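Reader: I am new to this structure. Please take me through the terms used for it, one at a time.

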Amino acid sequence: MSQNLIFSVWGVSEELLKAGHLLDAIHCLDSLLKRVGFDREPLLEVETRLRLSQILSKYTRNFHTCQEHLTKGNAMLQEIINQSEMTSSLYNIFFEKQPHLAILQIQFFKQLGSIYSQMNDYNNAVTIYYKAIDFIQTLIDLSIKNNFSQNNNDILLINLKLKDLYYWRNHFRIFLIHNLEAENYSKDRNEEMENQLLIGENEERNLKNKNNVIAYYLIRIHQLLKKDLYILKTEKIFINLEKYFDLLVKEFGFVIGEENHSLKEDPNLCILYLNYLLLFASFRLQYGNLDHFKSIIKSIQETVQTYSIHTKQRSEEITFEFLDIHPLTQMAWLIGSLYYRSIGFLKKSDSYNMKGISNCDRYLKEFNGLGFQLDKKRNDNVLFSVFIKINLLFDVVIMDLSKLDFVLAVKHMKHCIDTLSGFHDLFIIYRFNIHFMLGILFCLMEKNDIAVKHFEVVIKSANSKSLICWSHFFLIISKWNTLQSKDVFNLLDKLNQIIKSYDLENNKYFQMISLFIRGILCFKNEAFNESKQHFNNTMDIIDKYTLEKCIYRQCVLMLNDMYYRSNESSLNEVIGNVSDVLKQSANDSDTVGQMISLQFLLSLNSNQMEDEISLSQSSQSSSTLKSNTSIQQQYKQLENEYNQKISELEGIQHDVTMLERWFAATNENYLNLTRLV
């Protein structure tokens, strides 16, 4: 067959692909393989199969056909190389006579590794990437041994520069680590991962490739943060996370909040820095250290803008694959929502949350009715947007429950389940979050027996360490009225041991909640000195790490109650402090905080206050009575609003029951599907 005809068919296929005629482009190459004899030109058949596999991999999910073309094409390429070895050395083949063979071999390794990974055949993907690294290392050793120089002006310099070999070695090692990580769920490959990370770091450090060293540190951090997905009781995750974040600061050469022009000059450094910011924000949110967190949010927003400019003006310089600008913007909204909800600023959190969901919906609307995108990169971006939307919905449900808005909570929970039901893998992972939120809902509805069942499902079967610990806390709250104080203390001690075994003792949320519950128990048993100590320690943590303000306000109220009882504070001082708490609670839409504050103020304006005010202070007594009337009116209005929300529960009882049944049925269907797979 004439080479010209083969080249012509290749050209037609590419033109059809550019015009959007995907099936016709595939049919051209497939027909070429079926109807044309390549006996005299086996290398052209190899290239045809490679190109066809690239198209199938990028634009379809026909993985098996793609794998068949790659396997056969790679076997033919190996035979061509072996035949060439009979008459020439490897150096002569790859660096002088046929450098194109080396480039083809690299592309086959790349495609085979990718296709096995997409098929979830991580073991074969790992094998391919090991072979690819060995092949690249052989080429590097040959080029150095034969004094290959980048100053040569021969054909090799055009096709196979030494720096390109270093690039591919690093490329394959990164993908090897990712697949080892995926394979690690079924096999223990931690030692291999650690070995590859050390090799990669040392190689890139010796080459003085700063960006790649940073990339390896980011991979380490990403792996450590993901270890929340399964139970490990040996590794000190928190300490290692702090270590690598410190190393990254040294590599970048500047701290968060400092202006740095290198981010505007180097698009790859900008991508890495943005990745660092997102991981650092996730780390701080996960462990409850929100001190100066606003500066992190601001840096994320600024770096997203810089990255957006790079993608428009300097996209050809970007070598690190990363997400599109839309999912990154959505991630910034999610982090803002989580932050403001975590510190109790629900109005601000709600604003970030709604903007994030709206942004996700607009982005996903483009793909409605199309299912999975054929372009894998675009598909990854869509899936990441779905992931962000689900987490935003989880966050808004928690806010609804915090505001006792049960109708909205049920509505948003149904939206969560509906969104998850379209994604099997995500549903299997996040079904325990649904159990957790249903548990909180039933706890607030005072259906504690049902709440306990949902929390126990999470504790028994979930893999997320943080979610298990949170479920333990709410399990204690659900059983509060049926347990004696001694039993609650024992449960807290047991939970602290679990938290320590999970390497979460540095989690400030858990420290805060544990101390707060102990303070309430001591107050309940009139152990006021111990109670004061627990509440003060809780407030210290909240102050230092900028955490939940509603719990801080509860501590202030409890402390003022004890100060008033023990005459450590005057009546006016206590009234002033409680009034401040009332204002703060109103500003943050904290209904429970407002009601407790008003109840406290009413009690202070009762008999005790009348005894303390003398008859000679009639004007003060009159103003106090007016104040008391105003407080009663505020309390009555708030109580009516609260009762209205409670009464809404009766109207949605059926909705809640149906929601729970729908979730249970969906859960069972997906579990059955998983067992079949």
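Predicted model: local features only at pLDDT ≥ 70, side-chain atom pairs only at ≥ 80, totals over all residues.

Reader: Why is the pair of phenylalanine 245 and phenylalanine 280 called edge-to-face?

Author: The ring centres of phenylalanine 245 and phenylalanine 280 are 5.0 Å apart, and their planes stand at 70 degrees, so the pair is edge-to-face. This pair links distant parts of the chain, with phenylalanine 245 in helix H12 (residues 237-252) and phenylalanine 280 in helix H14 (residues 267-287), 35 residues apart. Helices (H or I, at least four residues) and strands (E, at least two) are DSSP runs, numbered from the N terminus. Phenylalanine 245 and phenylalanine 280 are both buried. Buried means under 20% relative accessible area, exposed over 50%, and partly exposed in between (1.4 Å probe, protein chains only).

Reader: What makes the pair of phenylalanine 516 and phenylalanine 535 tilted?

Author: Their planes are at 55 degrees and their centres 6.0 Å apart, so phenylalanine 516 and phenylalanine 535 are a tilted pair. Phenylalanine 516 belongs to helix H24 (residues 508-524) and phenylalanine 535 to helix H25 (residues 528-545), 19 residues apart.

Reader: How do you know whether phenylalanine 516 and phenylalanine 535 are buried or exposed?

Author: Compare the areas with the cut-off. Phenylalanine 516 has a relative accessible area of 14%, so it is buried. Phenylalanine 535 has 0%, so it is buried.

Reader: Which residues form the aromatic cluster?

Author: Phe238, Phe245, Phe252, Phe254, Tyr273, Tyr276, Phe280, Phe283 and Tyr287 form one aromatic cluster.

Reader: What makes the charged end of lysine 549 sit over the ring of tyrosine 552?

Author: The rule asks for NZ of Lys or CZ of Arg within 6 Å of the ring centre and within 35 degrees of the ring normal. The charged end of lysine 549 is 5.6 Å from the centre of the tyrosine 552 ring, and it sits over that ring.

Reader: Why is H24 called roughly antiparallel to H25?

Author: The axes of H24 and H25 come within 8 Å and cross at roughly 155 degrees. That makes H24 roughly antiparallel to H25. Angles under 35 degrees count as roughly parallel, over 145 as roughly antiparallel, 65 to 115 as roughly perpendicular, and the rest as oblique. Axes are lines fitted to C-alpha atoms, for helices over the stretch in contact, and angles run from 0 to 180 degrees between N-to-C directions.

Reader: Which hand does the crossing of H24 and H25 have, and which residues make the contact?

Author: The crossing of H24 and H25 is left-handed (the near helix is turned anticlockwise from the far one by less than a right angle; clockwise is right-handed). The contact (heavy atoms within 4.5 Å) includes Met512, Leu515 and Phe516 of H24, and Phe535, Thr538 and Ile541 of H25.

Reader: Where do H3 and H6 cross, and at what angle?

Author: The axes of helix H3 (residues 42-59) and helix H6 (residues 99-118) come within 11 Å and cross at roughly 35 degrees. H3 passes H6 in a left-handed crossing. Among the residues that meet are Leu43, Val46 and Leu50 in H3, and Leu101, Leu104 and Phe108 in H6.

Reader: Is isoleucine 237 buried or exposed, and where is its place?

Author: Isoleucine 237 is in helix H12. Its relative accessibility is 2%, so isoleucine 237 counts as buried.

Reader: What about leucine 404: buried or exposed?

Author: Leucine 404 counts as buried, because its relative accessibility is 7%. It lies in the loop between helix H18 (376-402) and helix H19 (406-420).

Key:
Residues numbered from 1 in each chain as written. Heavy atoms only, no water. Phe/Tyr/Trp six-rings, centres within 6.5 Å; stacked < 30°, edge-to-face > 60°.
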